[in-house]
Amino acid sequence: MAKKQTPGLKRIVKAAGYSMKGFKAGLENEAAVRQETLLAVILTVLAFFIYQDLSELLLLIILPWLTVAFELANSAIEAVVDRIGSEWNELSGRAKDLGSACVFVLLILTLITWGTVLLEYFGII
């Protein structure tokens, strides 16, 4: 028998609660989530002091938070793989490595974007 869905606004409120529970779990159990969240908060505040136009501001804010989102997804992948078993498995290792690669790509994009904006801000380029 299929699970009965909660209708309307109540479903949205419950979903938001589950999301906050997941974010809290990430902060409590994953050092990378804590570090990247702290960095995202700092960069978000800093972005308001250095941006030149709206599109630049959006990039400066979105990229660090997108990195946090992917780190949460990577942590979810790792939790599921670890739940399946602790013995080494090629597919399990690949899943973890692919999740990590997603985070790495976003960290590089964030670094390139912030680096370019800061170089422009300080008149170096």
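From the N terminus on, the elements of the chain follow the order α-α-α-α, with four helices and zero strands in total. Here, helices (H or I, at least four residues) and strands (E, at least two) are DSSP runs, numbered from the N terminus. The model is a predicted one, in which local features need pLDDT of at least 70 and side-chain atom pairs count only at pLDDT 80 or more, while totals for chains, interfaces and linings use all residues. Residues are numbered from 1 along each chain as its sequence is written, and side-chain values use heavy atoms, with hydrogens and water left out.

Turning to overall dimensions, the C-alpha atoms fill a box of roughly 60 × 45 × 20 Å along the principal axes. The radius of gyration, taken over C-alpha atoms, is 18 Å, whereas a compact globule of 125 residues would have one near 14 Å; the globule rule is 2.2 Å times the number of residues to the power 0.38.

Buried residues (under 20% relative accessible area, 1.4 Å probe, protein chains only) account for 23% of the 125 residues. Of the contacts (heavy atoms within 4.5 Å) between residues at least 6 apart in sequence, 64% join residues at least 24 apart.

Buried residues of helix 2 include Val 33, Glu 36, Leu 43 and Ile 50. The buried residues of this helix pack against helix 1 (8-29), helix 3 (54-84) and helix 4 (90-121).

Technical notes:
Buried < 20%, exposed > 50% of the residue type's maximum accessible area, 1.4 Å probe, protein only.
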